[in-house]
Amino acid sequence: MNPASAAVGGAATFVWLGMVLAISFLEAPLKFRAPGVTIPIGLGIGRLVFRALNAAEAVLAVVVIVAVATGSPATAAVALTVVAAAVLVIQIAVVRPPLNRRSDRVLSGEDPARHRSRAHLYYVALEVVKVVSLLALGCVLLGRI
């Protein structure tokens, strides 16, 4: 892979990875433990934060895709890029709509314990896949594996 594309792709990949780790695995679970944060307030904040995160991820995904596509990539770089981008698309297009509908119901007064949803578990599982693929992709792009 040419050095400029590898550097840009690697940097964008690790920024993307850092954002996912910080938001999904730190901010999201901790906000509900903060004093005074109710489930409706936490959901409202979470929706805004994840909408912004997904928008930033989409921009970073485009940067990574362009860097990989223009850099004479190894097969591993292409495969990992496809995995990370596909996971993001699935999260945004398939998993987030049911999560939004559920949070709409909770925000309108429905008891969150009344109807459990597996969509959140799917989102978290996809986040783990994305984290692993981004870590591996960043290492591949920077020649560390």
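Trainee: What should I know about the model before I start?

Mentor: This is a predicted model, in which local features need pLDDT of at least 70 and side-chain atom pairs count only at pLDDT 80 or more, while totals for chains, interfaces and linings use all residues. Residues are numbered from 1 along each chain as its sequence is written, and side-chain values use heavy atoms, with hydrogens and water left out.

Trainee: How many salt bridges does a search of the whole structure find?

Mentor: Side chains of opposite charge can pair when their charged atoms come close. A salt bridge here is a side-chain nitrogen of Lys or Arg within 4 Å of a carboxyl oxygen of Asp or Glu, and the search of the whole structure finds five. One of them joins R47 to D104, with the closest N and O atoms 2.5 Å apart. Since R47 lies in helix α2 and D104 in helix α3, the pair ties together parts that are 57 residues apart in sequence; helices are DSSP runs (H or I, at least four residues), numbered from the N terminus.

Trainee: Which residues are linked with K130 in a network of salt bridges?

Mentor: The network links E57, E127 and K130. Within it, the side chains of K130 and E57 meet at 2.5 Å, N to O, and this pair links distant parts of the chain, with K130 in helix α4 and E57 in helix α2, 73 residues apart. Both K130 and E57 are buried, where buried means under 20% relative accessible area, exposed over 50%, and partly exposed in between (1.4 Å probe, protein chains only).

Trainee: What is the arrangement of the rings of F50 and Y123?

Mentor: Rings of Phe, Tyr and Trp (its six-membered ring) pair if their centres lie within 6.5 Å, and planes under 30 degrees apart count as stacked, over 60 as edge-to-face and the rest as tilted. By this rule the count comes to one aromatic pair. The rings of F50 and Y123 have centres 5.8 Å apart and planes at 85°, so the pair is edge-to-face. F50 is in helix α2 (residues 39-69) and Y123 in helix α4, 73 residues apart, and both are buried.

Trainee: Which helix gives the most to the nonpolar patch?

Mentor: Patches are made of residues with over 30% relative accessible area and no salt bridge, like charges being joined within 9 Å and nonpolar side chains (Val, Leu, Ile, Met, Phe, Trp, Tyr) within 5 Å. Here L21, F25, V124, V128 and V132 form a nonpolar patch on the surface, and α4 gives the most, with three residues.

Terms used: Accessible areas come from the Shrake-Rupley method with a 1.4 Å probe; for residues, only the protein chains shown count as cover. Helices (H or I, at least four residues) and strands (E, at least two) are DSSP runs, numbered from the N terminus.
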